[in-house]
Protein chains: 2
Amino acid sequence: MTAPARSFSPRDPTDRKVLVTEVGTRDGFQAEPTPIPTATKVEILDALAAAGVPSFEATSFVSPRAVPQMADAAEVMARVARRPGVRLQALVPNARGAEAAAAARVDMIVCFVSASESHNEANLNKPIAGSLANVAEVARIARAAGIPLRGAVATAFGCPFEGDVPVDAVLRIVEAYVGEGVRHVSLGDTTGMATPPLVERAVEAIRGRFPAVEIALHFHNTRGIGLANVLAGLALGIREFESSIGGIGGCPFAPGATGNICTEDLVYLLHECGFETGIDLERLIAVARRVEEVVGHPLPGQVMKAGPRLRLHPIESVRRAVG
Amino acid sequence: MTAPARSFSPRDPTDRKVLVTEVGTRDGFQAEPTPIPTATKVEILDALAAAGVPSFEATSFVSPRAVPQMADAAEVMARVARRPGVRLQALVPNARGAEAAAAARVDMIVCFVSASESHNEANLNKPIAGSLANVAEVARIARAAGIPLRGAVATAFGCPFEGDVPVDAVLRIVEAYVGEGVRHVSLGDTTGMATPPLVERAVEAIRGRFPAVEIALHFHNTRGIGLANVLAGLALGIREFESSIGGIGGCPFAPGATGNICTEDLVYLLHECGFETGIDLERLIAVARRVEEVVGHPLPGQVMKAGPRLRLHPIESVRRAVG
């Protein structure tokens with residue numbers, strides 16, 4: 001049993017470490033209409049790793065016709081610096097993607113299936129059952145290559161077409177993953193429908209059935225409560241979160257709404273709550289600014305604008321608030 | 001003792017009600033460079049009350065030279081509809097403001113003092129001790145008029161000039177308020193420096209010393225964690241929060257950073273966690289859109305863009321995420 005959430009800091013000193021997985025060069029750059037140059041992707045990945053980010057969903061091995069933004073996946077993996085202790089994951093939709101990812105020597109292959117049929121059809125062009133058959137193929141390829149497999153569950157907290165997603169639908173995917181030897185599961189809040197009670201329900205259901213599975217949470221801030229969901233996850237003892245630098249990425253259904261939770265804002269919250277990430281927040285902010293320059297439009301990250309709380313201001317800068 | 005935060009919903013059915021105090025027409029409109037017309041302020045206040053918002057910091061009675069945006073305080077109070085069960089508060093810096101607020105028959109007078117000397121000097125042009133003397137005068141006027149007094153503590157979670165604010169500095173202000181008969185205290189996160197552990201520390205310290213005082217929390221989202229702080233407050237049993245419609249308002253020190261937490265996003269989080277506010281979220285969103293039109297620039301609110309989580313999308317709207 002984890003510490004009660006009334007204390008928002010970890011009580012057990014051995015339980016302070018939180019793994020932050022950066023997904024900006026995949027989930028974020030994929031949402032940009034103009035593909036980002038390969039050299040820039042590599043520059044951003046290297047700068048983030050130098051700032052201490054320990055884990056990345058670096059790219060995805062998908063059809064370049066479907067997702068031209070990720071056409072350079074193999075080249076990104078060939079050019080990015082390999083650092084000890086840094087995990088470079090890649091997302092794959094099928095066996096062909098898994099073979100390419102294995103050839104590129106990724107550190108972890110991530111397969112994915114939606115928990116709702118209509119989203120899976122829209123995203124992967126097949127029913128869930130068909131995607132699970134693909135997962136079996138992907139798992140064989142990963143095993144043969146000696147690469148760990150991670151299983152992502154899209155629309156785990158709700159589907160933009162169907163609404164609520166029953167927790168049993170999530171358990172069904174996790175069960176299939178576990179049957180393929182998966183030990184790391186990531187619950188994807190694909191369009192920002194997660195809430196603290198839904199996070200609690202999903203995490204407790206998975207732990208009840210599959211206590212050995214490690215759960216990561218992938219939140220979007222589409223409805224403004226992404227970091228409240230993180231706080232809920234922390235209180236449940238979750239110690240891995242996925243986020244994107246600067247909050248890069250959007251929501252395909254809601255113009256102007258944000259996508260992934262923002263890495264700097266997440267790291268700021270974690271550090272302030274007494275968790276350790278190994279990440280240098282000031283260097284992270286510098287990378288976020290660089291990403292904003294690269295994409296050429298403002299990013300939703302807040303800490304990159306305001307700075308950490310103890311970055312002080314000269315008193316002359318005050319605008320008098322009240323008379 | 002409140003329910004443990006591991007359950008992010010209220011366990012006790014008598015403890016479901018959360019009071020949302022809307023501060024947009026004061027804290028939000030004050031941050032707009034161009035004053036908003038009085039008729040528009042009245043329209044927004046009336047529309048919010050019609051949507052079920054039960055409490056407002058409607059305006060402030062301050063020097064029109066210092067804050068021209070609030071020069072119409074008396075007129076706003078004269079023209080806004082008075083509805084049973086709706087509380088219209090006004091902020092006052094001194095006796096003159098209190099007299100004007102009493103003459104305007106506000107439902108509650110709000111006095112304020114910063115917990116840090118340099119912010120109080122910058123904001124009120126006097127040391128904390130001088131402001132506390134003012135509070136005594138304001139309290140006399142409020143008592144004479146039979147109007148309840150609320151005490152706000154600015155920079156309660158940090159000062160942009162001094163950094164950390166000791167909890168004793170907050171207790172000192174609260175003690176002075178209590179001495180003047182104040183029963184409602186609002187802790188102001190003036191420049192978005194609150195964090196879950198700081199919220200816990202302040203709330204527990206005040207409760208320890210002044211168990212009869214009701215605490216409201218006023219967060220800014222300057223560093224992206226405003227609603228995580230709300231979740232922390234809920235877990236501590238706090239049942240009043242201040243926010244602004246659309247997230248209107250900014251941070252004077254951080255261009256592009258957001259100000260107050262957004263009312264619709266707050267109400268969405270509260271409802272999703274099982275709390276009751278009496279507010280109609282769809283009508284609230286409509287008012288947020290109107291406010292965006294009024295100020296003429298995009299507001300940071302997310303739910304006003306994405307809609308509540310169960311506002312579904314036609315499947316044809318999908319942009320395929322991966323191949």
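How many strands make up the closed barrel of chain A, and in what order do they run? Keep in mind that this is a predicted model. The barrel in chain A has eight strands, running 1-2-3-4-5-6-7-8, and the pairing is parallel. On average, neighbouring strands of this sheet are turned by 25 degrees against each other, direction ignored.

For a closer look, pick strand 4 (residues 108–114) and strand 5 (residues 149–154) of chain A, which pair in the parallel sense over six bridges. Here A:Ser114 stands opposite A:Ala154, a residue of strand 5 of chain A.

| Helix of chain A | Strands of chain A it touches | Angle between directions |
|---|---|---|
| Helix 4 (residues 95–103) | strand 3 (87–92) and strand 4 | about 160 degrees with strand 3 |
| Helix 5 | strand 4 and strand 5 | about 125 degrees with strand 4 |

Now for the meeting of the chains. Chain A puts 68 residues in contact with 68 residues of chain B. Which elements of chain A give two or more residues to that side? They are helix 5 (117–124), helix 8 (196–209), helix 9 (226–235), helix 10 (263–272) and helix 12 (303–306). Helix 9 of chain A gives the most, with six residues.

Terms used: Residues are numbered from 1 along each chain as its sequence is written. Chains are lettered from A and ligands numbered from 1 in the order in which they are written. This is a predicted model: local features need pLDDT of at least 70, side-chain atom pairs count only at pLDDT 80 or more; totals for chains, interfaces and linings use all residues. Two residues are in contact if their C-beta atoms, placed from the backbone, lie within 7 Å. Helices (H or I, at least four residues) and strands (E, at least two) are DSSP runs, numbered from the N terminus. Two strands pair if DSSP finds at least two bridges between them. Axes are lines fitted to C-alpha atoms, for helices over the stretch in contact, and angles run from 0 to 180 degrees between N-to-C directions.
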